[in-house]
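I opened my notebook to look around one structure. I start with a single residue and then step back to the whole chain.

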Amino acid sequence: MKNTRLELCNRIRMEAEHTGDTGFPLDVFPQTVQSIILDMATYENYKIEFIATSMLSAVSAALGGTYRIRIKGDWQSNSALYIILVGRPGLGKTPPLEAAFRPIRKHDYALFKAYAAEMETWKAAGENGKRPVLKRTIVSDFTPESLLLTHNNNPRSVVILVDEIMGMFNSANRYTNGQLIEQLLTAWSGGALDVTRVSNAVPVHIEHPCINIIGSTQTKRVHELLRKGFEENGLLDRILFVMPKSPEMSKWINRDDDGEMTSLAATRWERILNKVLALDYDTDAEERIPHILSMDKEAKEYFFAWWNRKVERINQIEDDAEVDSREMKHPAHVARLALIIQVLRYASDESHLQFVDMTSVKGAIRLNDYFEDSYIRIRSFVANDTCEEPPKVLLSLLPDTFDTKTAIAIGKDLQGISERTVMNYLKELCHSRLLRKAKAGHYEKIVYETGKSSMSEKE
């Protein structure tokens, strides 16, 4: 009865606040968490998209490698996510990020105090025995070597949390042979990580890395990420993007109970995240064995059917260059999000941790769709700023869907350009993600306007 009343209350609040206009599927979260997010949006003016996604990242970081999901056969994955929050200056990206991770920062501080006490004891004993090590989850300023050393000290997980994340990516090339990027690519795919340095007597080896990334950037800087070769090496395909459809800031409302309600929401969130932090490996032995959650029969059939529909469409593509490499990461992203939702429902006392069910899988697919919509709008937004004007003029003259013959005719009649120039323009528009090739010789527009998106793409 309690959840029924809360569900009704959440629905009324979401309708009153026009939450559906954001496009973000808030209803995939547990009822308790929906309520917390709505409170934070109301009393702290947080963008729902930012606080909700930051919470997903915080749950993944808290869970670490203790639980994994079986995707297919022997293919398993942890819940690690790489996330970037994108928005104009002043939109409020950092405060919700910090609010979501505050319980983990408190957890890290408790570990630091324990480390300091252990160091005092160790020094008092004449520095005999094993030197204490500092365990922490959150890292912000680091080198590739120190990142792995931190992860080695805390095998459960680390999260790279950076306010302006483009600074981290811009400095990545300082490191030898792009070592940081290679580490991130390997970690996301579940490969082992190693670091050997003269300064370290014992090489560091992490068999099952669990590295989360979350940070923010401004819309005017996101193009830097798209031009650093990260699309070619596959890093871009591994990143989930969040860019609110509306760039408008919420007006402040003076309420007497702002502080009290915010504090209550933060306490409820801390209670949930602490329950995730309390989860442990299947064994306390030196060889940590994670729990493996499988999808139940109904969820697995739904997950496979969803992916097979994509496979059927992809198999019809004749030109290898037209295959979207990003789409190949969708099964892993959906599986990871499903695991996070299942864990979040458990920590909210609204489900279990025996398996991943249909509710979590359906919710994960909807979240993945939202992140992909954000990504497409970001690509289009960047393209509008960076694409040359003549191709955009041709684009404005073309219908929403057209074939090559139509484009050539319109280009010749209305722009006075040759067939070869038209084909070059179409190629540039596709590369800029203002246009997509639906099939051989047929195109569809992808249009972005400030504050809303309109895509002619069909699932």
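**Around one serine**

I looked up the neighbours of Ser-60. Leaving out residues up to four places away in sequence, Ser-60 touches Ser-79, Ala-80, Leu-81, Asn-212 and Ile-340; contact means heavy atoms within 4.5 Å.

I note that this is a predicted model, where local features need pLDDT of at least 70, side-chain atom pairs count only at pLDDT 80 or more, and totals for chains, interfaces and linings use all residues. Residues are numbered from 1 along each chain as its sequence is written, and side-chain values use heavy atoms, with hydrogens and water left out.

Next I checked where Ser-60 sits. Ser-60 belongs to helix α3, residues 48–63. Helices here are DSSP runs of H or I with at least four residues, strands are runs of E with at least two, and both are numbered from the N terminus.

Is Ser-60 buried or exposed? Ser-60 counts as buried because its relative accessibility is 0%. Buried means under 20% relative accessible area, exposed over 50%, and partly exposed in between, with a 1.4 Å probe and protein chains only.

**The whole chain**

I then stepped back. The protein chain has 15 helices and 14 strands. Its radius of gyration is 24 Å, close to the 23 Å from the globule rule for 459 residues, so the chain is as compact as a globular protein of that length. The radius is taken over C-alpha atoms, and the rule is 2.2 Å times the number of residues to the power 0.38.

I also noted burial: of the 459 residues, 49% count as buried. Last, I looked at contacts between residues at least 6 apart in sequence: 72% join residues at least 24 apart.
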